[in-house]
Amino acid sequence: MGIQTNNSIVKWIEYRLPVFSTLNHSLIDYPTPRNLNYWYNFGSLAGVCLVVQIITGIVLAMHYTPHASMAFDSTEHIMRDVNYGWLLRYIHANGASMFFLVVYIHIFRGLYYGSYKMPRELLWWLGIVILLLMMATAFMGYVLPWGQMSFWGATVITNLFSAIPLVGTPIVEWLWGGFAVGNATLSRFYSLHYLLPFVIVGLVMLHLLALHQHKSNNPLGIDIKGPQDTIPFHPYYTAKDLFGLGVFAIVFAGFVFFAPNYLGHPDNYIEANPLVTPAHIVPEWYLLPFYAILRSIPDKFLGVVAMFASIFVLFLLPWLDTSRVRSATFRPIYKQVFWLLLICCVALGWVGANPPEGIYLVVGRIATTFYFLFFLVLMPLIGWFERPRPLPESIGASVAKTGGGAPADAHAKPEGRV
Amino acid sequence: MRPIAALALCLALAGGPALAAGDTTPPKSVDWPHGGPFGTFDRAALQRGFLVYKQVCAACHGLRQVAYRNLNEIGFNEAQVKVLAAEVEVQDGPNDQGEMFNRPGRPSDRFRSPFANPQAARAANNGALPPDLSLITKARAGGGGYIYSLLTGYRNPPAEVKLAEGMSYNPYFAGRQIAMAPPLNEGAVEFADGTKAGVEQMAWDVTTFLAWAAEPEMEARKRMGVKVILFLLVLTGVLYAVKRKVWAEVH
């Protein structure tokens with residue numbers, strides 16, 4: 001586990017503080033399944049997004065003024081007067097979208113390959129907590145420019161808590177710091193928006209600690225049985241992750257430089273006005289599926305419960321999924337239903353962007369029903385009744401048999417190998 | 001979410017009865033010279049558009065995020081900017097006697113808004129509030145196309161539409177009734193470059209100017225974007241080659 005070096009300074013430090021061996025252990029020699037496909041790039045990409053958001057955010061905070069009468073103008077000051085302020089702000093605003101895009105792909109990858117199953121339950125839990133904190137952080141960040149959508153989004157979302165019986169209204173007033181969304185709300189959101197990303201950093205550390213305990217899952221979903229199944233993280237996955245990062249950066253730059261407001265809402269370039277309500281109040285795209293679930297339920301309180309349940313149900317996943325096989329590659333029925341779930345989530349996003357009436361309401365209700373049906377009913381049942389295809393003996397054997405090409409990609413066909 | 005909006009629109013249109021008198025006409029899609037990944041502002045149109053803003057729009061609409069010094073960027077030299085800024089009086093102070101005073105504008109001042117506050121603006125405009133135009137092309141769905149459509153979209157109302165007192169008919173405006181009377185009239189301004197000041201021409205020019213006012217960084221952004229993307233394409237190509245080389249022995 002120690003580190004081989006002749007450098008006396010490194011030795012001196014290492015003897016007192018084992019940073020070099022720790023880094024070596026977790027980033028260089030770290031044994032990684034040799035068959036990870038490109039869907040496994042999104043974890044490190046999410047980490048990059050977090051760092052980008054923190055760096056741009058810290059610089060933006062140097063120029064921004066969290067006051068109800070100055071926030072909007074100080075945002076425009078950043079866009080117009082601060083050197084490359086437009087670049088910082090567009091990276092930060094689009095970076096939030098990129099972060100969610102990457103994390104959603106990361107989560108669906110976990111769902112497909114069964115990465116939440118024994119012994120990775122706590123790894124999965126930490127991921128969900130990170131997602132929840134990301135949502136809170138992104139929501140509060142969206143309030144800071146103090147545009148119309150900032151203000152009314154904050155009003156709608158904080159008002160959800162008023163659905164709680166008896167203590168709802170006091171809770172909402174406590175969140176607001178007053179009797180309406182106002183300067184006190186803005187100040188505390190700013191403070192928390194600065195704080196929570198560092199909490200996320202801490203949770204990411206724990207997420208990695210849990211990951212490194214039992215190592216990465218892989219597209220075959222079978223355990224690492226020995227050194228023949230793994231390769232060191234460096235140079236193999238550093239090279240692969242860097243290539244993925246390059247592709248991601250091109251997409252990111254495309255938005256920042258050529259369509260910086262495509263994912264935003266025009267109303268947020270109108271200063272907040274408590275007396276004028278926008279025709280349609282919509283959150284950012286990454287919260288739309290949850291917004292759709294909220295509005296699919298005719299009762300306010302039950303709608304709020306359903307919305308929170310849609311995330312909290314993920315905590316139960318390791319036990320709701322009764323199948324002992326991790327990877328959907330070997331689960332013919334689950335695989336089909338998985339894609340239905342993905343379609344259902346996209347449909348919910350589309351519904352959330354539109355007013356809750358007519359066809360949107362119908363689709364929203366069907367998709368909401370399917371969403372909960374998937375986790376609460378289909379997952380346990382499929383696990384019991386499905387007959388999984390035979391699993392390969394080991395990762396190494398599978399790679400050797402498929403030979404050439406990508407390391408045992410997701411669709412490696414194991415038939416005929418009993 | 002523009003594709004979704006378009007889809008929603010199709011559904012709304014297919015819905016038939018949904019298209020009541022209150023619905024709006026979708027804005028014209030305009031092919032601006034400053035659109036697309038390489039588009040740049042038409043400098044002559046920017047300067048003409050500034051004149052239209054100054055002589056027509058500025059009577060009611062502010063442009064408070066823009067400073068007079070920014071006019072440098074659309075081709076006015078420093079001396080011209082000083083003269084333009086000095087045309088308005090701005091309040092400053094307090095002075096050594098503790099009193100506020102008026103002085104001629106300086107290039108560092110932001111555009112002076114025509115009204116002291118929203119209440120004054122409403123009082124002078126039949127209860128309607130003329131919005132500040134600094135961000136108008138970013139703050140409306142349809143962007144510049146919407147502004148251009150609105151400015152050129154005034155019509156006589158159809159027989160079944162009853163206009164409220166002091167309102168004008170404009171199918172592009174939400175509700176189709178707008179408190180702003182048709183702002184552009186043939187020959188309302190006289191362009192120094194001899195361009196004929198038709199309504200469409202003035203609408204085109206002032207929309208170009210407002211697009212610049214909303215996104216003064218646009219040209220620098222696109223220029224940088226082209227360089228960044230080209231760099232990333234090369235870098236990513238190299239990284240792909242590295243990845244192939246590193247993994248060659250594993251396969």
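Arg43(B) is partly exposed in the predicted model, with a relative accessible area of 37%. This arginine belongs to helix H2 of chain B, which comprises residues 43-55. When neighbours within four places in sequence are set aside, the contacts of Arg43(B) are with Glu73(B), Ile74(B) and Glu219(B). Pro27(B), by contrast, is 16 residues from Arg43(B) along the chain, and the C-alpha atoms of the two are separated by 25 Å.

At the level of domains, chain B is assigned a domain 1, formed by 43-66 + 110-216, and a domain 2, formed by 217-251. Taken over C-alpha atoms, the centres of domain 1 of chain B and domain 2 of chain B are separated by 43 Å.

In chain A, helix H9 spans residues 183-214 and contains 32 residues. The distance from the first C-alpha of H9(A) to the last is 47 Å, close to the 46 Å expected at 1.5 Å a residue. Buried positions in H9(A) are Thr185(A), Leu186(A), Phe189(A), Tyr190(A), His193(A), Leu196(A), Pro197(A), Ile200(A), Leu203(A) and His207(A). An α-helix has 3.6 residues a turn, so residues three or four places apart point the same way. The cover over the buried residues of H9(A) includes helices H3 (42-61), H4 (71-80), H5 (85-113), H6 (121-143), H7 (148-159) and H8 (168-176) of chain A. H9(A) is followed by Lys215(A), which has a positive phi, near 65 degrees.

Key: Residues numbered from 1 in each chain as written. Chains lettered and ligands numbered in written order. Predicted model: local features only at pLDDT ≥ 70, side-chain atom pairs only at ≥ 80, totals over all residues. Heavy atoms only, no water. Domains from an automatic or database assignment. Helix = DSSP H or I, 4+ residues; strand = E, 2+ residues; numbered from the N terminus. Expected span 1.5 Å × (residues − 1). Buried < 20%, exposed > 50% of the residue type's maximum accessible area, 1.4 Å probe, protein only. Contact = heavy atoms within 4.5 Å.
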